[in-house]
Amino acid sequence: MQKYYNLVLIILSILTLDLYGQLVDDISVHYSYIHITEAKFTDVNAEPRINRQYAGVDLGIGRGTIGVLYQKTTSPGDSPVGTPEEGIMITAGYDFVLSRAMRLEGYGRIGVSPDINPAQPLYATDTDVRLNLVWYNRDGVGRLGGGAFFPSTYVGVIVNRYGRIQEIAGLGTWWQGIGLYITGFHSFNGVDDPLNTVEDADIRFANIKNSGVSFSVSYDFKNLKMWVKKNEPLENGGNDLTFSAQYQFYFD
């Protein structure tokens, strides 16, 4: 743990070199806790106990972000699943404004920790890139309780380091600080059966061919955002329950 703590400090020092030069507009600190008690595979419904924890810091620079993300995975209980791991990822993102009602979001992660084993379910880093095309109504529609609804929808794609391609799509709305969203995802390729695979056995859990649907509820209170998300797997996935919080501080 200490080596990762020191690495985070070094990375944050590099990222904040220009902080006082006003190149950085804001800083976000976020944490997520994911709990998995069921998983669906090709011919098996398993009951693992897996916890994933993410902690990260992002610096906002104009319409872009750069940050560091730490992940720790464990499997508590008398029959642990896999080998616990922890790792660091460097992240970056940028929003391209295309029109008054459309933008293109780009986001990427690069795993920088050695000794990560993508063949086992508790692997701790991912390397991938994501593009989302987002449509939104910035003026709001309808009114309820004195507030308008702000609907949005998006379609996108995620490509990981092994060439797996996932399509994603989401639809939801925001109203007086409350957000409701439904998201679906589907992989076109990847490992079909990670429990019984021979091909790509060395990367089987980090390159799963999966699909599912998730439902999320969020709440914004000033600079604090909190949300809960429930994932329902359709192919090769877990029934993830995620609790997240993010605080964003703006520099004058």
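D139 counts as exposed, with a relative accessibility of 53%. Exposed means over 50% relative accessible area, buried means under 20%, and partly exposed is in between (1.4 Å probe, protein chains only). This is a predicted model, in which local features need pLDDT of at least 70 and side-chain atom pairs count only at pLDDT 80 or more, while totals for chains, interfaces and linings use all residues. Residues are numbered from 1 along each chain as its sequence is written, and side-chain values use heavy atoms, with hydrogens and water left out.

**Salt bridges**

- A salt bridge is a side-chain nitrogen of Lys or Arg within 4 Å of a carboxyl oxygen of Asp or Glu. By this rule there are six salt bridges.
- Side chains of opposite charge can pair when their charged atoms come close.
- D139 pairs with R100 in a salt bridge, at 2.7 Å from N to O. D139 sits in the loop between β8 (128-136) and β9 (141-144), and R100 in the loop between β6 (85-99) and β7 (102-111). The two are 39 residues apart, and the pair links distant parts of the chain. Strands (E, at least two residues) and helices (H or I, at least four) are DSSP runs, numbered from the N terminus.
- D126 and R109 form another salt bridge, with their closest N and O atoms 3.8 Å apart. R109 is in strand β7 and D126 is in the loop between β7 and β8, so this pair ties together parts 17 residues apart in sequence. D126 and R109 are both buried.
- D192 forms a salt bridge with K209, and the closest N and O atoms are 3.7 Å apart. Both D192 and K209 lie in the loop between β12 (178-187) and β13 (211-221), 17 residues apart. D192 counts as partly exposed, at 44% relative accessibility.
- Salt bridges with shared partners join R109, D126 and D128 into one network.

**Nonpolar cores**

- A nonpolar core is a set of buried Ala, Val, Leu, Ile, Met, Phe, Trp, Tyr and Cys residues joined through side-chain atoms within 4.5 Å.
- In soluble globular proteins, nonpolar side chains tend to be buried together.
- The largest nonpolar core has eight residues: A39, F41, I116, Y123, A124, F205, A206 and I208.
- Another core, of seven residues, lies apart from it; I36, Y54, L69 and L122 are among them.
- Which residues does F205 contact, leaving aside neighbours within four places in sequence? They are F41, P118, A119, Q120, P121, Y123, P194 and L195. Contact means heavy atoms within 4.5 Å.

**A nonpolar surface patch**

- I178, L180, V217, Y219, F221 and M226 make a nonpolar surface patch of about 530 Å². Patch residues have over 30% relative accessible area and no salt bridge; nonpolar side chains (Val, Leu, Ile, Met, Phe, Trp, Tyr) are joined within 5 Å, and like charges within 9 Å. Accessible areas come from the Shrake-Rupley method with a 1.4 Å probe; for residues, only the protein chains shown count as cover.
- β12 and β13 are the elements that give two or more residues to the nonpolar patch. β13 gives the most, with three residues.
- I178 is in strand β12. I178 counts as partly exposed, at 32% relative accessibility.

- H30 lies in strand β1 (residues 26-36). H30 is buried, at 17% relative accessible area.
- The side chains of H30 and D58 make a polar contact at 3.0 Å. A polar contact is a pair of N or O atoms within 3.5 Å; within protein, one must be able to donate a hydrogen and the other to accept it, and residues adjacent in sequence count only if both atoms are side-chain atoms.
- Not counting residues up to four places away in sequence, H30 also touches others, including Y54, L69 and Q246.
- Q246 lies in strand β16. Is Q246 buried or partly exposed? Q246 counts as partly exposed, at 22% relative accessibility.
- Q246 and D220 are 26 residues apart in sequence, and their C-alpha atoms are 9.6 Å apart in space.

- T242 is in strand β16 (residues 241-250). T242 is buried, with 7% relative accessible area.
- Leaving out residues up to four places away in sequence, T242 touches S32, Y33, I34, W227, V228 and K229.
- N231 is in strand β14 (residues 224-235). N231 is buried, with 9% relative accessible area.
- The N231 side chain reaches the backbone oxygen of G238 at 2.8 Å.
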